[in-house]
Amino acid sequence: MTKTPDMTAMLKDVMGAFPVDTSAMEGAFKTSASLNEKLSGVALNAVEKSTEISTKWTKETVAKMTEMSKAKAEPADYAKAMTDFASASAESAAEHMAAFAEIAKKVQMDTVELMMAAGKDAQEEATAAVKKASNDVQAAAKKATSK
């Protein structure tokens with residue numbers, strides 16, 4: 001009778017001839033974690049600055065409202081106080097919105113810079129990984145054919 005070839009043993013031999021290198025995956029994970037850390041830093045910095053602007057804006061508004069709510073001697077003084085408050089609020093809004101825009105602009109620039117650097121790093125890592133994999137496959141193929 002004919003003996004059936006042991007496919008499990010053959011497959012095991014083939015897989016053993018082509019070892020898997022997990023260092024590329026580890027490198028990609030570390031690169032990804034580093035990028036996420038930097039992006040989180042950019043976002044948290046923006047949140048901190050935005051909170052400072054919001055707090056300052058709120059304090060200024062409350063101070064202006066305190067001044068507006070004081071008792072006046074003449075009825076016309078109430079209209080003037082309301083007009084002054086509205087005018088000061090409009091100026092304050094423009095100033096603070098410009099500050100928010102500057103934060104957004106910086107976040108955008110920092111994010112683009114980080115993504116460009118990450119793309120360059122990823123390209124270099126991919127090139128190195130492909131070279132190494134190619135060399136490993138060639139070495140394994142030579143080893144397999146020399147048997």
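Partly exposed, as I use it here, means a relative accessible area between the buried limit, under 20%, and the exposed limit, over 50%. Aspartate 84 has a relative accessible area of 39%, so it is partly exposed. Please keep in mind that this is a predicted model.

I'll stay with aspartate 84 for a moment. Its side chain meets that of lysine 80 in a salt bridge, at 2.9 Å from N to O. Both residues lie in helix α3, which covers residues 75-145. They are four residues apart there, about one turn of the helix. Lysine 80 has a relative accessible area of 52%, so this residue counts as exposed.

Next, another pair in that helix. Lysine 106 and aspartate 110 are four residues apart in helix α3, so about one helical turn separates them. Their side chains meet in a salt bridge, with 3.0 Å from N to O. As for accessibility, lysine 106 is at 38% and is partly exposed. Aspartate 110, at 22%, is also partly exposed, because the buried class requires a value under 20%.

Now lysine 70 and glutamate 67. What is the N to O value for the salt bridge between their side chains? It is 3.4 Å, and the pair qualifies because the cut-off is within 4 Å. Lysine 70 is partly exposed at 42% relative accessibility. Glutamate 67, with a relative accessible area of 47%, is partly exposed too.

On the general point, side chains of opposite charge can pair when their charged atoms come close. As for the total, the count comes to four salt bridges. The pairs I went through are among them.

Terms used:
Residues are numbered from 1 along each chain as its sequence is written. This is a predicted model: local features need pLDDT of at least 70, side-chain atom pairs count only at pLDDT 80 or more; totals for chains, interfaces and linings use all residues. Side-chain values use heavy atoms; hydrogens and water are left out. Buried means under 20% relative accessible area, exposed over 50%, partly exposed in between (1.4 Å probe, protein chains only). Helices (H or I, at least four residues) and strands (E, at least two) are DSSP runs, numbered from the N terminus.
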